[in-house]
Amino acid sequence: MNLSSIANFKDNYENSNKSSGSCGQILKCGEVGQALLFNGATIGTTVPAATITLDTSKFCNPCIMLEFSSNIIGTLFQGTLNFQLYRSCKNQLPIPVGPQFYFSRPIPAFLADTFSFIVCDCDSCSNECCTYSIVVSAGGPTPVIGNAGVFAARLAAIIVDKPNHDDDDCHTCNKLCCKDNRTILKCGTTGSVSITPGTLAGTASTISTLTLNTSCLCHPCVKLEFASTIAYSSPTTMDSTVVNFQVFKLCNNQLSPIPVGPQLVFSVPYTTVIVPPATPGFSGTSTFSFFVCDCEICTNECCTYSVVATTATADAAVTITNARLSAIAADNNCRCC
């Protein structure tokens, strides 16, 4: 390729980028919230759990994927919790977005587990500033028995422009942006750990790590997602094991890692009630997944994130497998001229 061809190629590349006028995508995370429902809460009792406010003014044809994550902890909890996402724009009353999601326990139990889901909203108008909120309500046929807390509740959103625009007028709403936002996707190592009855409290194991370089991002925001499979068993209904999960970050020349986001708790569900003809003892499997956000990152940083599982109590046998941490890092503002 001669010099003139290189120059023409460069000009065409820059012109095509400038004419696209697309923000690309934005990643945003809401604040951590919680919702509490106490013994005797009647059917229909509602409590807000998490909110996030999004500005789609830099998008022509926005489509939003909203993800909710929480840690539900119950004390002899029996009942059903309904989760509904609502959207409120400008002076409008809140309207539901997507279906309801349900968390239910048929008999009173002590428990700690994660609860998450995804809802898409591709019917929002451009140039709008909307607040999305998760509302938790008591459902099912009877009032709540025991207490339930929805902790570490958080909404995160990825906004993109839907493809296949049919008219050039679309680009007029993106005059402020002349470069696509950059996005990084990375997956960490896969790990496992076994916890046996008698494991000492405070025993910690790193079960997944990843290293992320955000030097190519201007205003980086990182959403870290963790997923695992947990198998458990016990010869009695009275045994339980509690494991705490925490994400840590170690950047550049830091001497020790710092925590990122709240601590999440898993416990083997156990109950003092044995329903005939059931016999003592139980076993089961469940998924344990959550996300945390890290939007307090300095530019030109290279950080290692890790998930550490710490045993709090150990009476039942627990095996954590398929544990993996992944990350989506993006500019959380348009890359403007």
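**Note on the cysteines and salt bridges**

1. Let me start with Cys 218, which at 37% relative accessibility counts as partly exposed. In this note, buried stands for under 20% relative accessible area, exposed for over 50%, and partly exposed for what lies in between, with a 1.4 Å probe and protein chains only. The closest cysteine sulfur to that of Cys 218 belongs to Cys 216 and is 8.8 Å away, too far for a bond. Cys 216 is partly exposed too, with a relative accessible area of 34%.

2. A word on the ground rules: this is a predicted model, in which local features need pLDDT of at least 70 and side-chain atom pairs count only at pLDDT 80 or more, while totals for chains, interfaces and linings use all residues. Residues are numbered from 1 along each chain as its sequence is written, and side-chain values use heavy atoms, leaving out hydrogens and water.

3. How many disulfides are there, if a disulfide is a pair of cysteine sulfur atoms within 2.5 Å? The count comes to five. One of them joins Cys 29 to Cys 293, with 1.9 Å from S to S. Its torsion about the S-S bond is about -70°, so this disulfide is left-handed. Cys 29 sits in strand 1 (residues 25-29) and Cys 293 in strand 14 (residues 282-294), so the pair ties together parts 264 residues apart in sequence. Strands here are DSSP runs of E with at least two residues, numbered from the N terminus. Cys 29 is buried at 14% relative accessible area, and Cys 293 is buried at 8%.

4. Next come Cys 63 and Cys 122, a disulfide with its sulfur atoms 1.7 Å apart. This pair links distant parts of the chain, 59 residues apart: Cys 63 is in strand 4 (residues 62-89), and Cys 122 is in the loop between strand 5 (95-121) and strand 6 (129-139). Cys 63 is buried at 16% relative accessible area, whereas Cys 122 is partly exposed at 25%.

5. Strand 4 also holds Cys 89, whose partner Cys 130 lies in strand 6, so parts 41 residues apart in sequence are tied together. The two sulfur atoms are 1.9 Å apart, and an angle of 110° about the S-S bond makes the link right-handed. Cys 89 is buried at 1% relative accessibility, as is Cys 130 with a relative accessible area of 4%.

6. On to charged pairs: the count of salt bridges, each a side-chain nitrogen of Lys or Arg within 4 Å of a carboxyl oxygen of Asp or Glu, comes to four. Among them, Asp 121 pairs with Arg 87, the closest N and O atoms being 2.6 Å apart. Asp 121 lies in strand 5 and Arg 87 in strand 4, so this bridge ties together parts 34 residues apart in sequence. Both residues are buried.

7. Where do the partners Lys 249 and Asp 294 lie? Their side chains meet in a salt bridge at 2.9 Å, N to O. The pair links distant parts of the chain, with Lys 249 in strand 12 (residues 241-251) and Asp 294 in strand 14, 45 residues apart. Lys 249 is buried at 6% relative accessibility, and Asp 294 is buried with a relative accessible area of 6%.

Key
Disulfide = S-S within 2.5 Å. Helix = DSSP H or I, 4+ residues; strand = E, 2+ residues; numbered from the N terminus.
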